[in-house]
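Please keep the sequence and the model in view while reading.

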Amino acid sequence: MVSTGNSARRKGLLLQLGSIVYVIACFGLLSCAAEASGALLDVPIQLLPAVQLDLSIDFSFHQDWFNPLQLRRRADTNTTTELLSDDVVLPSISETDVHHYYFTTPAGSSNDNDNETVYNVSITLSTCTQPSPTNSSANLTEVYASPGPPPLYLWVSNTTSNTLPGPPSTRTDVQEWNTTYLGFTNFTMINVTAGTSVYIGVSAPNLTSTTVYADWSGEWSYQLGVSTTSPLHAVQAGVNTFVQDTDSVAALISSNNLTSNTTNENRPPFGIFLNPSNNDFVLTSLANSYCAIAESVNPTLKSINDADVMVTTNTPGQIPQEFFYVKSLNASTPYNAYLTLANTGRPGGTVYQMQNLTTKTANTTCRIIYNLSFCDSVAYAVPGNDESYDTIANWYDAQAASLYQNFTHSLAQYPCNITDSARYSLSDNVTCDNCAAAYKTWLCSTLIPRCQSTDPFRMYPSRNASTSRNPSLVGWLPDNAEYYEVLPCKDLCYAVVQMCPVDLGFTCPTGGGLKDWYGADYEDTDRTNITCNAPWVTYKVNGADALWPRGGGETVMWVIGLVCVHLAFVWV
């Protein structure tokens with residue numbers, strides 16, 4: 001009996017320990033999902049004794065590159081330039097040079113005591129251009145790796161005893177400094193008294209043969225901005241750009257959710273930029289710099305001038321998003337995609353996390369279609385011919401709309417708008433409206449196949465016109481056209497069975513038939529790579545062939561939370 005009691009207590013302790021670990025893991029997953037939903041990094045840090053500085057994006061860990069010998073102060077000229085709020089300067093700077101600036105906060109109003117009026121002063125530094133490698137035949141991958149291109153240095157002081165902040169860092173004057181990381185750094189000085197000055201320095205390192213930057217030569221250009229309202233330059237963390245799909249010559253990219261009143265008339269001033277990954281060393285090394293991306297001159301860069309842009313509510317939850325259909329791309333080519341957002345009424349802007357995509361092969365039959373009138377959730381590549389985009393999109397959409405009309409005639413035979421006791425189901429979710437919605441989703445996802453030009457992971461069946469699930473492709477699709485199909489998710493079929501009257505006779509295949517014509521939601525055990533098609537399944541971030549549920553960070557968090565709750569019941 002004692003042994004049995006001890007065993008039970010041990011099991012109880014193990015159960016409690018497992019529960020604690022489980023809760024921690026769930027919080028960790030939710031935290032990661034929250035980060036993926038996108039938020040400005042904000043790491044406050046107090047640096048100066050008289051004024052608190054807020055380093056909104058803390059790249060101080062890169063200061064281990066610093067060597068006092070690499071920064072040499074040229075003779076101070078005592079020349080300093082005044083900065084104005086909500087404005088930028090765009091100078092060039094040579095190695096070992098130091099540029100000095102000052103900014104004076106506005107005086108308080110006549111009705112206020114100046115000592116009681118304070119401002120938060122945001123200082124941002126973005127590198128627009130930088131030195132180039134001295135050896136033109138060098139391996140650029142290695143050259144742009146550690147330590148990489150030489151950064152610029154930002155220095156700040158709030159004391160009149162040091163009105164010319166700058167190197168060396170061993171100076172006893174009150175000052176703080178930071179290096180640019182991927183072309184950007186910033187300070188935010190908090191509670192600066194009205195009418196007082198902030199002193200700023202920008203310096204460039206030594207590029208002589210005795211330093212780690214001996215393989216680089218040339219000048220830098222930069223934007224330095226100051227504002228008492230909000231930073232003129234910003235870097236947005238998390239995922240804000242989604243690659244819906246590609247074909248051989250185009251890519252369909254969407255933004256994150258916008259405000260509910262956004263339309264094509266008042267859409268945000270986004271910029272989209274695509275550059276071939278194998279020739280993108282400069283931009284990837286300046287990926288946090290707005291001026292390097294949005295204001296650079298690069299002949300290989302595809303921009304919003306090469307894209308069809310629209311705001312659409314054909315999205316999860318009908319929340320507006322901005323779509324970019326970028327054209328004139330090269331087949332079988334990996335690209336880096338950069339999204340920016342220009343400030344309104346003042347210079348500068350925001351840079352979002354870079355994403356990767358790869359266009360499909362040149363001989364593919366896959367063609368992107370989107371913004372369909374009926375199948376409004378279709379935004380991916382489909383088997384197509386040489387006809388125009390509109391012709392292909394309308395051909396598929398008309399078929400689906402016609403079949404759906406026939407279905408609604410059958411559904412209308414059932415009494416939908418009657419008392420609860422007389423309905424075909426007593427469940428609140430099982431209604432005629434939900435039945436029609438489930439059927440439409442299933443119809444569009446099955447009648448309009450999702451097309452891939454390659455199958456590197458051997459997940460998708462090979463198709464042609466005669467083996468396609470859509471018999472109308474015979475005679476419309478070229479005889480020699482082949483593609484790989486991303487099978488529709490089997491849950492789309494199950495949803496119709498669950499939501500619709502059984503007398504409609506709608507059933508899902510079983511056994512081998514189910515496997516041949518429908519895909520499992522997740523192919524891998526960690527449930528990260530979706531291998532079937534459903535509305536708003538898009539390419540997984542930074543992956544060309546994996547798929548990801550397109551619902552925003554909130555949806556990902558909701559799914560993780562639901563899984564955690566389910567497993568909690570199983571545990572208990």
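Two strands are taken to pair if DSSP finds at least two bridges between them. The model considered here is a predicted one. In it, strand E27 and strand E28 (residues 482-486) meet that condition, pairing in the antiparallel sense over 3 bridges.

Another open sheet has 4 strands in the order E16-E17-E20-E19, and its pairing is antiparallel. Here the edges are taken by strand E16 (241-246) and strand E19 (307-312); each has a single partner strand, so one side of each lacks a neighbour in the sheet. The twist in this sheet averages 20° from one strand to the next. E16 pairs with strand E17 (residues 251-255) in the antiparallel sense over 5 bridges, and Asp-245 stands opposite Leu-252 in E17.

Ile-448 is found in the loop between helix H6 (432-447) and E26. Is this residue buried or exposed? Its relative accessible area is 0%, and the cut-off for a buried residue is under 20%, so Ile-448 counts as buried. Leaving aside neighbours within four places in sequence, Ile-448 is in contact with Ile-369, Leu-372, Cys-375, Val-378, Tyr-380, Val-382, Tyr-396 and Leu-443. Of these, Tyr-380 lies 68 residues away along the chain, with a separation of 9.7 Å between the two C-alpha atoms.

Ile-448 is also among the residues with the most contacts inside the largest nonpolar core, which has 53 residues. The elements that give two or more residues to this core are strand E20 (321-326), strand E24 (366-369), strand E25 (380-383), helix H5 (389-411), H6 and H7. H6 gives the most, with 9 residues. A second, separate core of 26 residues includes Ile-93, Tyr-144, Leu-154 and Tyr-222.

Helix H7 (residues 490-499) has Leu-492, Cys-493 and Val-496 as buried residues. These cover an arc of only 100° around the axis, which puts them on the same side of H7. The buried residues of H7 pack against H6.

Aromatic pairs complete the picture, and 19 of them are found in the whole structure. The ring centres of Tyr-144 and Trp-216 are 5.1 Å apart and the planes stand at 90°, so this pair is edge-to-face. It links distant parts of the chain, 72 residues apart: Tyr-144 is in the loop between helix H2 (140-143) and strand E9 (153-157), and Trp-216 is in strand E13 (residues 216-217). Tyr-144 is buried at 17% relative accessible area, and Trp-216 is buried at 4%.

The rings of Phe-323 and Tyr-370 have centres 6.3 Å apart and planes at 20°, so they are stacked. Phe-323 lies in strand E20 and Tyr-370 in the loop between E24 and E25, so the pair ties together parts 47 residues apart in sequence. Phe-323 is buried at 3% relative accessibility, and Tyr-370 is buried at 8% relative accessible area. Ring pairs also link Phe-374, Tyr-404, Phe-407, Tyr-439, Trp-442 and Phe-506 into a cluster.

Terms used. Residues are numbered from 1 along each chain as its sequence is written. This is a predicted model: local features need pLDDT of at least 70, side-chain atom pairs count only at pLDDT 80 or more; totals for chains, interfaces and linings use all residues. Side-chain values use heavy atoms; hydrogens and water are left out. Buried means under 20% relative accessible area, exposed over 50%, partly exposed in between (1.4 Å probe, protein chains only). Contact means heavy atoms within 4.5 Å. The arc is that of the directions from the helix axis to the C-beta atoms. A nonpolar core is a set of buried Ala, Val, Leu, Ile, Met, Phe, Trp, Tyr and Cys residues joined through side-chain atoms within 4.5 Å. Axes are lines fitted to C-alpha atoms, for helices over the stretch in contact, and angles run from 0 to 180 degrees between N-to-C directions. Rings of Phe, Tyr and Trp (its six-membered ring) pair if their centres lie within 6.5 Å; planes under 30 degrees apart count as stacked, over 60 as edge-to-face and the rest as tilted.
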